[in-house]
Amino acid sequence: MTDNPPVLLVEGLSVRRGEQLAVEQVSFQLARETDTALVGPNGAGKSSLVGAVLGLLPRASGTVQILGHALGPAGELPRAVRAQIAYLPQSLALQGRFPLTVGEFVGFGFDPPGLSLAWLGCRRRSEAVQFALKRTGCQDLAQRRLSELSGGQLKRVLLAFCVVRPRQLLVLDEAQAGLDAPSSEQFQELLLELRRQEGWTVLQVSHDLEMVRRSCDLVLCLNRRLRCSGAPDHALSAARLAELYGPNVVPYRHQHDGVGGHG
Amino acid sequence: MTGLAAMADVAGLLEVVGQPFMQRALLGGLLTGALGGLLGSFAVLRQLSFFSDALGHSALLGISLGILLGINPTLVLIPFAVLFALLVNQLVARSGLPADALLNIVYSTSLAFAVVALSLVETYRGGIQQLLFGDILGISWSDLTVIAVLLMGALIYLALSLRAQVLLTLNSDLAGAFGVGASRHRLAFIVLLAVVVAVSIKAVGVLLISAFVVIPACGGRLVSRHFPLYALISACLGGGCALLGLLGSGLTNLPSGPCVVIVQFAGFLLALLVSKTTRCSPAGVCLHSGRQP
């Protein structure tokens with residue numbers, strides 16, 4: 001092991017969903033404080049890969065190391081390493097009148113894993129929650145129910161949940177799904193700002209290739225296998241996109257800022 | 001005359017309340033109601049209310065099997081309910097069918113088997129009525145001890161695992177990524193729910209058990225926005241309504257289990273009314289208002 005191991009090291013990872021391999025022999029690594037996008041068509045195995053990396057899905061083969069610690073067969077990690085990982089899902093199962101306030105939810109992000117009465121609160125926890133809400137522009141939402149929030153507000157609250165204690169690896173699974181363009185833009189700006197301040201290493205599944213081109217350092221193109229990887233300009237070239245998504249995908253550039261995307 | 005009759009009724013109620021069996025019943029109602037409300041507050045959010053209904057119906061099959069085999073039904077009930085819950089949980093997870101449809105199949109089939117099994121027994125001392133609607137007046141001190149221990153155990157487990165329970169309810173991947181042993185906690189909760197249902201059956205009955213789990217929790221949800229408060233209000237609603245229902249039953253000489261459920265329903269309507277006429281400030285303080293929040 002080197003003195004400065006990659007935050008995430010994946011080698012020969014295969015993941016089975018039902019009878020079929022959803023991910024096959026994928027290897028990559030994430031250096032500290034980099035932002036990596038995982039792109040690919042629907043059903044390419046992106047969420048399966050993320051699930052296996054986080055220890056939520058079993059691996060058919062391969063190894064995963066997070067901060068130099070090997071992920072166990074059932075997703076085991078030392079508690080201190082697990083506390084360094086944050087995850088933003090696409091959505092939460094929030095039915096109407098869900099009895100949980102934003103402040104309470106963010107507080108659970110501060111509490112350590114395992115059985116504890118930390119939710120009863122202490123001054124340090126309360127200050128951390130207030131600070132996280134302030135940093136994400138959610139201070140006015142503290143007493144609102146989670147189920148009362150708009151999509152954009154909920155995503156910011158999820159970022160507050162992640163930033164409420166120091167972490168190193170942030171994994172986002174299509175975190176911007178369901179957001180309109182301005183909300184998506186605001187979310188991305190906030191993510192970028194927090195990433196710089198916190199020194200997060202980011203792995204994000206995304207379909208927004210324009211955002212990926214603009215914000216990410218590295219792109220992993222997945223379609224069951226890793227089809228290509230590299231800097232956005234290289235990995236998202238017209239030829240590579242056609243190879244990944246099929247010939248009907250035509251890259252275009254937005255007129256308002258001249259940044260590339262795909263249609 | 002009416003006033004005299006009412007006084008006579010109250011005097012009669014006081015006399016009944018003074019009886020040891022009624023004191024045990026009141027304590028049993030309070031504990032069972034609180035237990036149902038507490039577990040229900042989590043079960044309803046996890047969309048497990050139909051699961052508790054299926055467990056309740058399956059309990060009748062457990063009791064029937066106990067009678068058929070000549071074993072004390074109470075002894076059979078808890079292991080049967082736990083085993084049944086685990087099997088149904090696996091079935092729901094692996095079949096790929098919608099959970100509500102599958103649970104419907106399970107509970108109606110287990111009810112059918114139970115009735116067939118009971119028909120094979122010439123006479124059942126307890127009576128089918130008591131199985132269906134409970135016999136809280138027949139609750140013993142040992143039953144009360146079991147319920148009290150279970151309530152304490154549930155309270156401790158749920159308090160210690162509150163973060164895990166809430167995150168699991170919101171998104172199981174989120175919970176897992178943040179260090180929650182999702183399958184372990186999910187299984188523990190289902191086992192706890194099964195044990196609570198099995199223990200409460202004697203007092204509440206097969207048909208009314210799901211009301212004890214669902215109604216107080218829904219009432220609590222209408223009037224609280226903070227999670228610990230929601231669980232507390234649900235437990236208090238469950239226990240309080242059970243107490244009032246039993247007193248009402250003593251006053252009117254009507255069946256106790258159904259009286260409790262009717263009072264729970266009244267409590268739910270009251271919570272609905274309160275939720276429609278209160279307005280909460282951003283600080284979480286709720287004030288009376290004519291407008292909906």
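**Stop 1: a salt bridge in chain A**

Select A:Arg125 and A:Asp111: their side chains meet in a salt bridge, 2.7 Å from N to O (the rule wants a side-chain nitrogen of Lys or Arg within 4 Å of a carboxyl oxygen of Asp or Glu). A:Arg125 sits in helix 4 (residues 123-135) of chain A and A:Asp111 in the loop between helix 3 and helix 4, so the pair ties together parts that are 14 residues apart in sequence. Over all chains, the rule counts 11 salt bridges.

A word on what you're looking at: this is a predicted model, where local features need pLDDT of at least 70, side-chain atom pairs count only at pLDDT 80 or more, and totals for chains, interfaces and linings use all residues. Residues are numbered from 1 along each chain as its sequence is written, chains are lettered from A and ligands numbered from 1 in the order in which they are written, and side-chain values use heavy atoms, with hydrogens and water left out.

**Stop 2: where A meets B**

Now show both chains. Chain A gives 37 residues to the contact and chain B gives 32 (contact means heavy atoms within 4.5 Å). Between them they bury about 3100 Å², 62% of it on carbon and sulfur atoms (accessible area, 1.4 Å probe, that two parts lose on being put together, summed over both). In chain A, select A:Arg97, A:Pro99 and A:Gln143, which lose the most area to chain B, together 22% of what that side buries.

How many salt bridges are counted between chain A and chain B? The count is 1. Pick B:Arg225 and A:Glu148 to see their side chains meet in a salt bridge at 3.6 Å, N to O.

**Stop 3: two helices in chain B**

Finish with helix 4 (residues 73-95) and helix 5 (residues 99-120) of chain B, whose axes come within 10 Å and cross at roughly 145° (axes are lines fitted to C-alpha atoms, for helices over the stretch in contact, with angles from 0 to 180 degrees between N-to-C directions; helices are DSSP runs of H or I, at least four residues, numbered from the N terminus). Among the residues that meet there are B:Phe84 and B:Val88 from helix 4 of chain B, and B:Leu102 and B:Val106 from helix 5 of chain B.
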